[in-house]
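Please look over the structure below before reading the report that follows.

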Amino acid sequence: KSRLPEAPATRPAESLKQDILRHVLYSLGRDTERPDRQTVFRALALSLRDRLVEKWIASQRDIYSRSSKRVYYLSLEFLPGPFLRENLIALGLENEAREALTDMGFGLDDVADEEYEPGLGNGGLGRLASCYLDSMATLRLPAYGYGIHYAYGIFYQLIKEGRQVERADNWLRGGTHWEFERSHYVHPVRFYGQVREWVDEQGRLRHSLENATTVMAMACDMFIPGHKNDYVLNMRLWAAKTSREFEFSFFNTGDYIGAVEEKIRDENISMVLYPNDEAPEGKELRLKQQFFLVSATIQDIVRRFRKKGIAWDQLPRKNVIHLNETHPAVAIPELMRILVDEELLTWEEAWYICVRTFAYTNHTVLPEALEVWPEDLFRRLLPRHLQIIHEINRRFLHDVRRQFPNDPNILGRVSLVHEGESRWVRMSHLAIVGSFSVNGVSAHHSEILKESVFHDFYKIFPERFNNKTNGITPRRWLRQCNPTLAWLITEHIGPEWLTDLAQLKKLEPYVNSEGFHRAWMEVRLRNKHKLAEYIRDKNGITVMPESLFDVHVKRFHEYKRQLLNVLHVIALYNRIRSSPGSVTVPRTYIFGGKAAPGYYMAKHIIRLINSVAYTINTDPRVGDLLKVVFLQNYCVTLAERIIPATDLSEQISTAGMEASGTGNMKFALNGAITIGTHDGANIEIMEHVGNENLFLFGLLSHEVNEMRSQGYNPRLFYERDSELREVLDMIAGGFFSPSEPHLFRDVVESLLNHGDRYMVLADFRSYVYRQQDAANAFMDQAAWARMSMLNTSRMGFFSSDRAVDEYAKDIWGVSGV
Ligand code: 26W
């Protein structure tokens, strides 16, 4: 049925090599005699893109011919990481590529290292979206990822004199080799202007937007292959281009340079990813980005739906639009606008369709992360959408009033518009009211949504609330980043675990085999050697591969409590100085992560860690017992190096604040042991791996709340705990900043005088005890190995295949094609 070109009859490695050489010459315009490594990388990428696009076309035909219900996954962020190894594994071409490259005098690993990853996300939320696309492809779901083609992704982080310095991330400078830019494929996106109300010939009240500014959205497609299943999805990223009408007009205005400036302003929309995680900037450009993604995507969805020639009320039967956080929630009024203003459905008809089409995932309960927009800004940028939101709200509040006649205060609490001194549009309220499903990302987090953050909405729409515990793709986060461990596993239980992670259970019988033990620990030690080499290269610090690698990598945020970790590091340092011999397990502390450029305290904590690192690493009394390393520019590429070499994984957020965490899963899957709080997915990890195979500590989230409401006094902990007191006094007294003794005072002040919002001091003592347990456990290497193997073998549940399958069955109502 498919009339795509037949694959050549030559050996795959030989045909791949011919393709590479052809691309070196014809696509890249280079001499095939001695191409450089970067050229070879690009030619190999183009050769894989050829194969991906064939499979993508075939997959699209399948979706179309079956008339499957489609899933649209909308996200302002995707964090796919480097593609080369992933795509080779998915296409089953790793050995062929190795052979082809060897033939040309190159090593696959060196060539793969030429790739620069697209950093089109901040952290957890964007990376989750990419894991889910991988699983949707592997499960052959009729799905599409939609996002923004930022010209600059998350900044490149340098550490200079201990401080974070941001550099622009020009990820496109080497050209693009994975994507197709569809320059003939654009949608107009209209902002600003005024709403005109008029009555048409049939006497209907109509609304249209006059004097709008139009920007064009151009599609850039990247391909996401399923694991060895010939199925390929696409991630469509929109890039802003100036509108065509404008190009004609500037010849007439005479103001050529002024016109060019306007063109630049238009294309700004997709210029840069906002680097804030958990605290919105509230800038007009950001709201523009959100609407830009939404408007272009909904036009794509509507265009595909129209081709079917069926009635609008069939839209929810044929499509589901998933909102990754509230960032794309303006899709709800946008679909209403199209249905009511353009397609002339009644409000009731349109609303019935909308609420059956959208589903929303919440990823955070931090109050400062809940998105709100000033109503004035909304009115200026999206005047018709604000009117629609008001109408949604009016009808919603009317229903609520009837449902809760005796609770008039509920209206103010659930209103889509916060009314106080100033008026704000609450995006989470819009997302909940406009969706048929609202889910959290771990069991614990989903309970918190129902019990506190969205409690009123839970009373109004109990059937909408559900949980989908996050997952990670085992292709990237085990097979690709840890090939030797993956190989050892496959050797024992076969390769089925790659698409059915629960199979890892079959490893359990081997935990008592001495040979397997030894092989397991050898692989892990080799990984640690490699990371030690990297640390020596990059930071000039020599670390002992046999030491306990204690790793804390993630975005810097006070709630993630990198500060708690460093307080413990200092406590250990003091023990080494005051009673040599009291610390017996040598440790290598590894930190990594970016702070939002405007987040003073997070940046200051980065600086503190680097100062502590310098002091400890240069103190001859410490020797090999303690090393502290900060690896700059934590990103997917770096995570892939670090995770397989980790012994102890730090997941120590204040209970109730980390929605799920997914790094925690990556570490445990690779055989690291978790030290963590009773928070997010840590709780479920404990339930799966067993309480005896990880180290939980600290307050439970209800204890955090109780302590807060009873008046938490951090000073009490300071006064009662002499070890803690010594640590804080050293920081405040300039021990780690002798030339600037007051440098880190603010950090200590935030704990002692400003309420210690994240309960660092309350959890300090139990953390120290648990760290001691971890050190003791590490001394018994055989027992540690056993824990490590049991962690890996019991992590099957945390596959993104499981998570996506739950979304598909319980929320989306789709199955594989
Ligand atoms: C608009 C500013 C902004 C940007 C990003 C606010 C909030 C966000 C994200 C929701 C932050 C985020 O990435 N949250 C993380 O989502 C992960 C995937 O579900 C969870 O595993 C993490 O616990 C959560 O912090």
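## Backbone, rings and cavities

At 63% relative accessibility, N211 counts as exposed, a word used for values over 50%, while buried means under 20% and partly exposed means in between (1.4 Å probe, protein chains only). This is a predicted model, in which local features need pLDDT of at least 70 and side-chain atom pairs count only at pLDDT 80 or more, whereas totals for chains, interfaces and linings use all residues. Residues are numbered from 1 along each chain as its sequence is written, and side-chain values use heavy atoms, with hydrogens and water left out.

N211 sits in the loop between β7 (205-210) and β8 (213-225); here helices (H or I, at least four residues) and strands (E, at least two) are DSSP runs, numbered from the N terminus. Most residues other than glycine have a negative phi. The phi of N211, however, is positive, near 55°, and the phi of E278 is also positive, near 75°. E278 belongs to the loop between α8 (256-267) and α9 (284-308), and because its relative accessibility is 17%, E278 counts as buried.

How many aromatic pairs does a search of the whole structure find? The search finds 26, where rings of Phe, Tyr and Trp (its six-membered ring) pair if their centres lie within 6.5 Å, and where planes under 30 degrees apart count as stacked, over 60 as edge-to-face and the rest as tilted. Two of these pairs are set out in the table.

| Pair | Centre distance | Plane angle | Type |
|---|---|---|---|
| Y73 and Y132 | 6.5 Å | 75° | edge-to-face |
| Y146 and W238 | 6.0 Å | 20° | stacked |

The pair of Y73, in strand β1 (residues 70-74), and Y132, in helix α6 (residues 124-138), links distant parts of the chain, 59 residues apart, and both Y73 and Y132 are buried. The pair of Y146, in strand β2 (residues 143-148), and W238, in strand β9 (residues 232-242), likewise links distant parts of the chain, 92 residues apart. Y146 is buried at 1% relative accessibility, and W238 is buried with a relative accessible area of 0%. Ring pairs also join Y146 and W238 with Y72 and Y144 in a cluster.

Charged side chains can be examined against rings too. R173 lies over the face of Y116, at 5.0 Å from the ring centre, and R577 lies over the face of Y573, at 4.7 Å from the ring centre; a charge sits over a ring if NZ of Lys or CZ of Arg is within 6 Å of the ring centre and within 35 degrees of the ring normal.

A disulfide is a covalent bond between the sulfur atoms of two cysteines. With a disulfide taken as a pair of cysteine sulfur atoms within 2.5 Å, the count comes to 0. For C131, the nearest cysteine sulfur, that of C481, is 11 Å away. C131 is buried at 2% relative accessibility, and C354 is buried at 0%.

Finally, there are 4 cavities of 30 Å³ or more; on a 1 Å grid over the protein atoms alone, a cavity is a set of points where a 1.4 Å probe fits but cannot get out, and lining residues have an atom within 4 Å of a point. The largest cavity holds about 200 Å³ of space, a volume being the space filled by probe spheres set on the points. Of the 19 residues that line the largest cavity, F83, E86, D134, I224 and R476 are the closest to its centre.

How values were computed
On a 1 Å grid over the protein atoms alone, a cavity is a set of points where a 1.4 Å probe fits but cannot get out, and a pocket is an open set with protein on both sides within 12 Å along at least five of seven lines; lining residues have an atom within 4 Å of a point.
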